[in-house]
Amino acid sequence: MASIANLSFSHPPLNSQIASSASVCVSFQALACHRFLLPVILTARLRSSRKSLKRSLAEERAGGGDGGVLDLDAAAVQREESESDGVENGAVDGTVRSSQRTSIPSESISLGIKEPVYEVVEVKPDGLVSTNKISRRQLLKSSGLRPRDIRSVDPSLWLTNSMPSLLVRDQAILLNFGSLRAIAMHERVLVFDYNRKGSKAFLKALLPRLNPKNTSGGPAMPFELEVVEAALLSRIQRLEQRLMILEPRVAALLEVLPNKLTADVLEQLRLSKQTLVELDSRAGALKQMLLDLLEDPYEIRRICIMGRNCTVQRNSNDVECSVPLEKEIAEEEEEIEMLLENYLERCESCHGQAERLLDSAKEMEDSIAVNLSSRRLEVSRVELLLQVGTFCVAVGALIAGIFGMNLKSYLEEHVFAFWLTTAGIIFGAVAAFFIMYSYLKARRIL
């Protein structure tokens, strides 16, 4: 680089051109600078040699030299000019091509990450339903959201974002109710994973509310509130339906289990308890979400001003609008609070019922454990009695074994020795058994 930048020629314009080129090349890589400067330097040298040749020919023509030689020299000069022009053009083309080769990779640099494309169901305020494919970039641009906001409704992250959430942004409301994930905007709602049960229940609850024939003639709520209410309604209805199915099953098990302990009944109890734990967790999480939303008036006012030219102050919660809308916003805020409180009561009812059934199942499990423990205790007592009796009989067998040896003891000569020995063994075994039993009772082992 330094050697190229320090090159100089006898012509000032050429020196200034090389100096400017060298100053520009400081910001590029060394290889690119060499590729760019070398053709320029060669072209400048050809131009300087051509100018000096023209000057010498002009001097000879002025001095009256030979015409034929001048003509040959002129033809040679023209041939050199054409060759130098070709070299110059080739050098320029090579420079352009090299610059293109160096610039194309820089423009086509990519991280290799494929932009996700979501397949969503789009519902308009007039009830029009359509299935579309939208990329993440288009979704962010149309909804005014940030990339971190999309994570709460991204279907690919449903394992990490299982907790219910209702996030309010300037132009959209993000709904995450487990299997239901949607983005509600002023003029449409986008539903992700529309084939799942939660999404189907949401669409089933939302579409009749958007039909003008089903309205009672009263003032309709804004589209965003209709979406939020349909989402809460579908979620709580699913919890209530599962509880209605599960409650009689648990009641039947509670009646049977104290007297009938079988593997099938115990397995049904385990599955019912597992379902109750899941329902209790979901109802509790939804209840906590509604409580947090009701305790934050800033979020409720952001829902009210969505789609309007208004702003909310974070500290004072005051609403500033370009057009006076304080009365309408206050009425809408009261309506939202009543709506959330209504669904909070239903959610608390589901949560309380699930907790009651779960407590009954846990108490039944404790009762079963006590019953099984008492049965094991009885079995242990019987085993202990059998072991004591076996010990006493083993002592009598020891005495019989001693007399069974083929050795003379002079007792076999007496007629009554056999009967006396047998009676002694039986009496001793019974006496030893009662002595051991009394000892174990006194120590409260039996």
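Residues are numbered from 1 along each chain as its sequence is written, and side-chain values use heavy atoms, with hydrogens and water left out. Because the model is predicted, local features need pLDDT of at least 70 and side-chain atom pairs count only at pLDDT 80 or more, whereas totals for chains, interfaces and linings use all residues.

The secondary structure of the protein comprises twelve helices and eight strands, where helices (H or I, at least four residues) and strands (E, at least two) are DSSP runs numbered from the N terminus. Of the 446 residues in the protein, 32% are buried; here buried denotes under 20% relative accessible area, exposed over 50%, and partly exposed the range in between, computed with a 1.4 Å probe on protein chains only. Among the contacts with a separation of 6 or more, 60% involve residues 24 or more positions apart, a contact being defined by heavy atoms within 4.5 Å.

Strands E1 (117-123) and E2 (129-135) pair in the antiparallel sense over seven bridges, and Val120 has Asn132 in E2 as its bridge partner. Five residues lie between E1 and E2 in this hairpin, and Gly127 in the turn has a positive phi of about 90 degrees. Strand E3 (residues 165-168) is joined to E4 by four bridges, the two running antiparallel; Leu166 has Leu175 in E4 as its bridge partner, and the hairpin connects E3 to E4 through three residues.

Helix H5 (residues 136-143) contains the buried residues Leu139, Leu140 and Ser143. Seen down the axis of H5, these buried residues fall within an arc of 95 degrees, so they line one face of the helix, the arc being that of the directions from the helix axis to the C-beta atoms. The face of H5 turned away from the buried side carries the exposed residues Arg137 and Lys141. An α-helix has 3.6 residues a turn, so residues three or four places apart point the same way. The packing partners of the buried residues of H5 are strands E1, E2, E4 (172-177), E5 (180-185) and E6 (189-192), together with helix H6 (147-150). Just after H5, Gly144 takes a positive phi of about 70 degrees.

Leu206, which lies in helix H7, is buried, with a relative accessible area of 0%. When residues up to four places away in sequence are not counted, Leu206 touches Val123, Val189, Glu226, Val227 and Ala230. Leu206 and Glu229 are 23 residues apart in sequence, and their C-alpha atoms are 8.5 Å apart in space. His351 lies in helix H11 (residues 326-403) and counts as buried because its relative accessibility is 12%. Leaving aside neighbours within four places in sequence, His351 is in contact with Asp280, Ala283, Gly284 and Lys287.

Grid points are joined across faces, edges and corners, and a volume is the space filled by probe spheres set on the points.

The largest pocket has a volume of about 520 Å³, and of the 20 residues that line this pocket, the closest to its centre are Gly178, Ser179, Arg235, Glu278 and Arg282. Helices H7 (197-210), H8 (223-256) and H9 (263-294) each supply at least two residues of the pocket lining, with the largest share, five residues, coming from H8. The pocket lining divides into seven nonpolar, five polar and eight charged residues, with Ala, Val, Leu, Ile, Met, Phe, Trp, Tyr, Cys and Pro counted as nonpolar, Asp, Glu, Lys and Arg as charged, and the others, Gly among them, as polar.

The largest cavity is lined by Arg235, Arg238, Leu239, Arg242, Leu279 and Arg282. H8 gives the most to this lining, with four residues, and H8 and H9 each supply at least two. The lining of the largest cavity comprises two nonpolar, no polar and four charged residues.

Key. 1 Å grid on protein atoms, 1.4 Å probe; cavity = no way out; pocket = protein on both sides within 12 Å on 5 of 7 lines; lining within 4 Å. Pairing = 2+ DSSP bridges.
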